[in-house]
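Please look through the structure below before reading on. The paragraphs after it walk through a few of its side-chain contacts and one part of its surface.

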Amino acid sequence: MENLIYKGETYSSEDLKKDYNNFLKGLENHNDFTEYHTLAISLETYDPGYARAGDRIYALHELLLTAKYNLFNSYKKIHNDVPNQTENYFPHAIRRSHYLKNAIVWYNSCQDYVFQLISLSYDLHGVEITSTEKYKLALRNCSYIMLKEKLRSINTENSRKLLRIINKYGSDRDVKYLREELANNLKHHGNLGFRGIYVDKPFGYTERNYHTGEVTYSSEWKESDIVDIDETIDLLKRVHNLFVKHVREVIKFIDFKACIPTGEKALIKEKSYWVTKEKHEYRKILC
């Protein structure tokens with residue numbers, strides 16, 4: 001392949017490989033999430049809530065891999081499988097934009113899994129899980145609004161701390177932009193446009209109030225928001241690293257590894273256990 005000139009910088013094939021590797025190295029690894037899958041299996045007889053939450057952590061790990069895959073492919077400046085390659089960069093930009101839109105949607109969805117693992121850990125979903133259908137209903141109930149209301153109603157030091165952890169991540173400027181602008185545009189407003197790809201309509205239409213000159217209708221209101229591919233990729237990279245740290249903070253708070261009972265009354269951070277050795281009966285509270 002001939003050298004690629006991208007935004008004023010020249011890349012050889014070897015330069016591109018190094019560039020891609022450096023990008024991947026800059027994304028926080030989350031393989032430590034997988035250990036909770038085995039732990040979740042071992043907790044089934046002690047605490048079904050923790051066991052279900054452990055499963056969601058593993059599911060979250062896989063979802064992050066999907067988001068990361070799409071983010072990386074949106075970063076790749078050249079896609080060798082693009083058919084009929086020419087000197088025109090447009091087909092590569094189109095391919096990158098589709099990967100980027102996928103990455104936006106998947107990264108935005110990741111936070112829902114955190115709500116699920118918290119709600120399942122402390123049985124805050126309000127569903128007695130007695131079947132597959134009830135389990136799916138419980139997952140649907142694991143929304144931010146319901147979780148916030150539950151934690152506020154509990155109103156203890158630990159419930160307030162947990163809510164602060166959730167809100168700290170959710171109120172981050174990059175996270176809010178991902179959720180409220182990028183993802184909302186894709187899910188509810190029709191699409192996103194990308195600089196260098198988006199083609200404006202050849203003409204527009206505007207209506208104004210005859211007396212005041214106020215615009216009463218404009219075809220521009222229907223236009224997609226336009227963002228820069230590389231700037232958006234940088235934002236998602238920051239969100240990825242912030243999110244992995246956020247999940248680790250939530251996991252540390254819940255403290256899965258300390259939840260296996262010993263047969264004695266034990267206060268384990270946010271859960272209190274009253275356990276009999278014979279039946280492993282327990283009660284738990286967010287205290």
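What follows takes up ring pairs, then salt bridges, then a patch of charge.

This is a predicted model, in which local features need pLDDT of at least 70, side-chain atom pairs count only at pLDDT 80 or more, and totals for chains, interfaces and linings use all residues. Residues are numbered from 1 along each chain as its sequence is written, and side-chain values use heavy atoms, with hydrogens and water left out.

Begin with the aromatic rings. Rings of Phe, Tyr and Trp (its six-membered ring) count as a pair if their centres lie within 6.5 Å; planes under 30 degrees apart are stacked, over 60 edge-to-face, and the rest tilted. Over the whole structure, a search finds seven aromatic pairs. In one of them, the rings of Tyr6 and Tyr89 have centres 5.7 Å apart and planes at 55 degrees, so this pair is tilted. Tyr6 belongs to strand E1 (residues 4-6), while Tyr89 sits in the loop between helix H3 (48-75) and helix H4 (90-121), so the pair ties together parts that are 83 residues apart in sequence. Helices (H or I, at least four residues) and strands (E, at least two) are DSSP runs, numbered from the N terminus.

How covered are these residues? Buried means under 20% relative accessible area, exposed over 50%, and partly exposed in between (1.4 Å probe, protein chains only). Tyr6 is buried, with a relative accessible area of 13%, whereas Tyr89 is partly exposed at 22%.

Tyr20 and Phe72 form another aromatic pair, which is edge-to-face, with 6.0 Å from centre to centre and 90 degrees between the planes. Tyr20 is in helix H1 (residues 13-25) and Phe72 in helix H3, so the pair links distant parts of the chain, 52 residues apart. Tyr20 is buried at 11% relative accessibility, and Phe72 is buried at 17%. Ring pairs link Tyr20 and Phe72 with Phe23 and Tyr75 into a cluster.

Turn now to charged side chains. Side chains of opposite charge can pair when their charged atoms come close. A salt bridge here is a side-chain nitrogen of Lys or Arg within 4 Å of a carboxyl oxygen of Asp or Glu, and the count comes to ten salt bridges. Lys7 and Asp230 meet in one of these, at 2.6 Å from N to O. Lys7 lies in the loop between E1 and strand E2 (9-11), and Asp230 in helix H9 (residues 229-254), 223 residues apart. Lys7 is exposed, with a relative accessible area of 58%, but Asp230 is buried at 15%. Both belong to a network of salt bridges that links Lys7, Arg96, Asp228 and Asp230.

Helix H9 also holds Arg248, whose partner Asp32 is in the loop between H1 and helix H2 (35-42), 216 residues apart. Asp32 is partly exposed at 28% relative accessibility, as is Arg248 at 27%.

Last comes the surface. Arg160, Lys161, Arg164 and Lys252 gather there in a patch of positive charge. Such patches are made of residues with over 30% relative accessible area and no salt bridge, with like charges joined within 9 Å and nonpolar side chains (Val, Leu, Ile, Met, Phe, Trp, Tyr) within 5 Å. Helix H7 (residues 157-170) gives the most to the positive patch, with three residues. Arg160 is found in helix H7 and counts as partly exposed, at 38% relative accessibility.

Methods
Areas by Shrake-Rupley, 256 points an atom, 1.4 Å probe, with all protein chains shown as cover. Lys, Arg positive; Asp, Glu negative; His and termini not counted. Charge placed at Lys NZ, Arg CZ, Asp CG, Glu CD.
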